[in-house]
Amino acid sequence: MSVALCEGVSGEVRAAADRMAIFLSRFIRDGELVFHGVASALPMAAIVMARNTHAPNLTYLNVPGGVDPKPSYLPGSTVARQLMEGALSYFTLTEIFDLSARGKLGLAFLGGAQIDARGEVNLSFIGDPAAPKVRLPGGAGSAHILPTARRTVLWRTIHDAKSFPECCDFVTASGNVVAVVTPLCIFEKAEGRLRVKSIHQGVAPDDLRAATGFDLGDLESAPVTPEPTDVERTALEAADTEGVRLLEFI
């Protein structure tokens, strides 16, 4: 792991980053086409880890245009030139959108500043549209990818009531969400709403309720998310030798 990234990072933060990367990797199926957008260090690490373990036949697509690249190391940016190294071919971002529109993109990892009870995403603004409190970077391709990819897994490294409201202040994108991974739990989408699939070890149900802006229903029977195994931890360290997964937490 990069010495620079390790400095000042607590063990708790490292554990959260490892957990989230590993939990994201578990959604990847062998043989499918997998894509992540910009500012996506955790999914990037998860994809490379999955390819080295349970999904050796996946095809990795990224924003720079690499088709199944084999970078010598994971860079600090998900649009860096290293993500073109060893690529079988090159794809423009427009072609990725076309691929998804034709139903050929198996799994997309996307993020959001707000993710609401219906799994809708806000990347546009917070507050009154006439005078927003916060202007966000915008959805880029998420409004196209989210409804057309076969499966979309969302993630957010902050889990609080503002990040997970009943309704987004603005819906930038909505579509084929199957799950949301956070530092506290994993949501799955069922019957049009997010529900808790599992709660991470050490997280109290009352704390999860307090950190979520929508009703979670009965949590008494919610299972505990299986902790990362030693094999998974070793595979993650080998995939992300520079520790770029920490960038989303620091």
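**Loop, strands, helices and pocket**

Analyst: Leu 216 lies in the loop between helix H6 (205-210) and H7. The model is a predicted one.

User: Is Leu 216 buried or exposed?

Analyst: The cut-off for buried is under 20% relative accessible area. Leu 216 has 10% relative accessibility, so Leu 216 counts as buried.

User: How far apart in space are Leu 216 and Pro 75, C-alpha to C-alpha?

Analyst: In sequence, Leu 216 and Pro 75 are 141 residues apart. In space, the C-alpha to C-alpha separation of Leu 216 and Pro 75 is 37 Å.

User: How many bridges pair E12 with strand E13?

Analyst: E12 and E13 form a hairpin with two residues between them. In the turn, Glu 191 has a positive phi of about 55°. Strand E13 (residues 193-199) pairs with E12 in the antiparallel sense, and the number of bridges is six.

User: Which residue of E12 is the bridge partner of Ala 179?

Analyst: Strand E11 (residues 177-181) and strand E12 (residues 185-190) run antiparallel and are joined by three bridges. The hairpin that joins E11 to E12 passes through three residues. Across this pairing, the partner of Ala 179 is Glu 188.

User: In what sense do E10 and E11 pair?

Analyst: Thr 152 stands opposite Val 177 in E11. E10 and E11 have four bridges, and the sense of the pairing is parallel.

User: Which residue of E10 is the bridge partner of Phe 109?

Analyst: E5 and E10 pair over five bridges in the parallel sense. Within E10, the bridge partner of Phe 109 is Val 153.

User: Which residues of E10 point the other way from Arg 151, Val 153 and Trp 155?

Analyst: E10 is mostly covered, with five of its five residues buried. Arg 151, Val 153 and Trp 155 point one way from the strand. On the other side, and also buried, are Thr 152 and Leu 154.

User: Why is helix H3 described as largely enclosed by the rest of the structure?

Analyst: Residues of H3 that are buried include Leu 42, Met 44, Ile 47 and Arg 51. What covers the buried residues of H3 includes helix H2 (11-25), strand E1 (33-36), strand E2 (59-61), E5, strand E10 (151-155) and helix H7 (230-239). Helix H3 (residues 41-51) is largely enclosed because the count of its buried residues is eleven of eleven.

User: What does Ser 100 touch, not counting residues up to four places away in sequence?

Analyst: Ser 100 is found in helix H4. At 0% relative accessibility, Ser 100 counts as buried. Beyond four places in sequence, Ser 100 touches Leu 105, Ile 145, Thr 148 and Ala 149.

User: Which element gives the most residues to the lining of the largest pocket?

Analyst: Helix H4 (93-101), strand E5 (107-111) and helix H5 (142-148) each supply at least two lining residues. With three residues, the element that gives the most is E5.

User: How many charged residues does the lining of the largest pocket have?

Analyst: The largest pocket holds about 610 Å³ of space. Its lining consists of 26 residues, and those nearest the centre are Val 38, Ala 39, Ser 40, Gly 111 and Leu 123. By class, 15 lining residues are nonpolar and nine are polar, and the number of charged residues is two.

User: How many disulfides does the structure hold?

Analyst: A disulfide needs two cysteine sulfur atoms within 2.5 Å. The structure holds zero disulfides. For Cys 168, which is in no disulfide, the nearest cysteine sulfur is that of Cys 167, 7.9 Å away. Cys 185 is also in no disulfide, with the sulfur of Cys 168 nearest at 16 Å, and the number of disulfides is zero.

User: What is the relative accessibility of Cys 185?

Analyst: Cys 168 is buried, with a relative accessible area of 10%. Cys 185 counts as buried too, and its relative accessibility is 0%.

Methods. Residues are numbered from 1 along each chain as its sequence is written. This is a predicted model: local features need pLDDT of at least 70, side-chain atom pairs count only at pLDDT 80 or more; totals for chains, interfaces and linings use all residues. Side-chain values use heavy atoms; hydrogens and water are left out. Two strands pair if DSSP finds at least two bridges between them. On a 1 Å grid over the protein atoms alone, a cavity is a set of points where a 1.4 Å probe fits but cannot get out, and a pocket is an open set with protein on both sides within 12 Å along at least five of seven lines; lining residues have an atom within 4 Å of a point. Grid points are joined across faces, edges and corners, and a volume is the space filled by probe spheres set on the points. Ala, Val, Leu, Ile, Met, Phe, Trp, Tyr, Cys and Pro count as nonpolar, Asp, Glu, Lys and Arg as charged, and the others, Gly among them, as polar. Buried means under 20% relative accessible area, exposed over 50%, partly exposed in between (1.4 Å probe, protein chains only). Contact means heavy atoms within 4.5 Å.
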